[in-house]
Amino acid sequence: MFERNRIDNSLQQSSVAAELTLDDGRILKGNFYISASRSLYEVLNGQTSFLDFESHDGERGLIAKSMIKSVKIVVAGPKPSLTHQKAPADAFDPHGILGLSRGGPWDEVRAAYLKLSKIYHPDLFAGVELPHEVRDYLASMARRINAAYAALEAPQQAAKRAVIEKAKPIYVSTGR
């Protein structure tokens, strides 16, 4: 009888990034292709004389184990996350965040803010089941957009307050 729940991993392959030093001093960088059910250590110490190797140049072929002097496994860095990378405080560019060029009219700033806040607003995705990385990304983008708009709005608000202050009388006499 066939077992339907059993998975045969013997035909599936996985790749292991490595740097090889050969007997003649050459260094090859690339990937070993091995059965998914075995580790690289098992393959290197196994009975086979040749290993399936693909260099970073794209050449894939078999390499004799007798030619290999040393093997260094290359560990890839951590997976990139959706969270926004922290930039230095002086690198905060409100125009860049909103996708605007400097010196544009205020109407363009407001329109860009409204457009981006509609895209990244966390309430849009409140009813959707999302991974926490995506939720954190959306929330951080909403905060960045709000901060950029607030930074560009501050001079506008200060100018409005200055106009209101200028319109007020300097001195008002009290009634007798």
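How accessible is Arg-26, in relative terms? At 44% relative accessibility, Arg-26 counts as partly exposed. Partly exposed lies between buried, under 20% relative accessible area, and exposed, over 50% (1.4 Å probe, protein chains only).

The model is predicted: local features need pLDDT of at least 70, side-chain atom pairs count only at pLDDT 80 or more, and totals for chains, interfaces and linings use all residues. Residues are numbered from 1 along each chain as its sequence is written, and side-chain values use heavy atoms, with hydrogens and water left out.

**Figure 1. Overview of the protein.** The protein has four helices and five strands. Helices (H or I, at least four residues) and strands (E, at least two) are DSSP runs, numbered from the N terminus. Along the sequence the order is β-β-α-β-β-β-α-α-α. Of the 176 residues, 22% are buried. The accessible surface comes to about 13800 Å². Carbon and sulfur atoms hold 55% of that surface. Accessible areas come from the Shrake-Rupley method with a 1.4 Å probe, and for residues only the protein chains shown count as cover. Contact means heavy atoms within 4.5 Å. Among contacts between residues at least 6 apart in sequence, 48% join residues at least 24 apart.

**Figure 2. Salt bridges.** The structure holds six salt bridges. A salt bridge here is a side-chain nitrogen of Lys or Arg within 4 Å of a carboxyl oxygen of Asp or Glu.

- Asp-24 is exposed, with a relative accessible area of 51%.
- Lys-29 pairs with Glu-19, the closest N and O atoms being 3.9 Å apart. The pair links distant parts of the chain: Lys-29 sits in strand β2 and Glu-19 in strand β1 (residues 13-22), 10 residues apart. Lys-29 is partly exposed at 46% relative accessibility.
- Arg-38 pairs with Glu-42, with 4.0 Å between the closest N and O atoms. Arg-38 is partly exposed, at 40% relative accessibility. Glu-42 is also partly exposed, with a relative accessible area of 40%.

**Figure 3. Asn-31 in strand β2.** Asn-31 belongs to strand β2 (residues 27-35). Asn-31 counts as buried because its relative accessibility is 19%. Leaving aside neighbours within four places in sequence, Asn-31 contacts Ser-15, Val-16 and Ala-17, and also Asp-52, Phe-53 and Glu-54.

**Figure 4. A nonpolar surface patch.** Tyr-41, Ile-73 and Val-75 make a nonpolar surface patch of about 340 Å². Patches are made of residues with over 30% relative accessible area and no salt bridge; like charges are joined within 9 Å, nonpolar side chains (Val, Leu, Ile, Met, Phe, Trp, Tyr) within 5 Å. Val-75 is in the loop between β5 (68-73) and α2 (94-98). With a relative accessible area of 72%, Val-75 is exposed.

Figure 5. Helix α3 (residues 106-120) has 15 residues, which at 1.5 Å a residue should span 21 Å. Its end C-alpha atoms are 21 Å apart, which agrees. The expected span is 1.5 Å times one less than the number of residues. The buried residues of α3 are Val-109, Ala-112, Tyr-113, Leu-116, Ser-117 and Tyr-120. Seen down the helix axis, these fall within an arc of 125°, so they line one face of α3. The arc is that of the directions from the helix axis to the C-beta atoms. Cover for the buried residues includes α2 and α4 (132-167). Exposed residues Asp-107, Lys-115 and Lys-118 are on the face of α3 turned away from the buried side.

**Figure 6. Pro-122 in the loop between α3 and α4.** Pro-122 lies in this loop. Its relative accessibility is 34%, so Pro-122 counts as partly exposed. Pro-122 touches Ala-139 and Ala-142, not counting residues up to four places away in sequence. Its C-alpha atom is 9.7 Å from that of Tyr-137, 15 residues apart along the chain.

**Figure 7. Ala-151 in helix α4.** Ala-151 is part of helix α4. At 34% relative accessibility, Ala-151 is partly exposed. Ala-151 touches Phe-92 and Pro-94, with residues up to four places away in sequence not counted. Ala-151 and Asp-93 are 58 residues apart in sequence, yet 9.4 Å apart in space, C-alpha to C-alpha.
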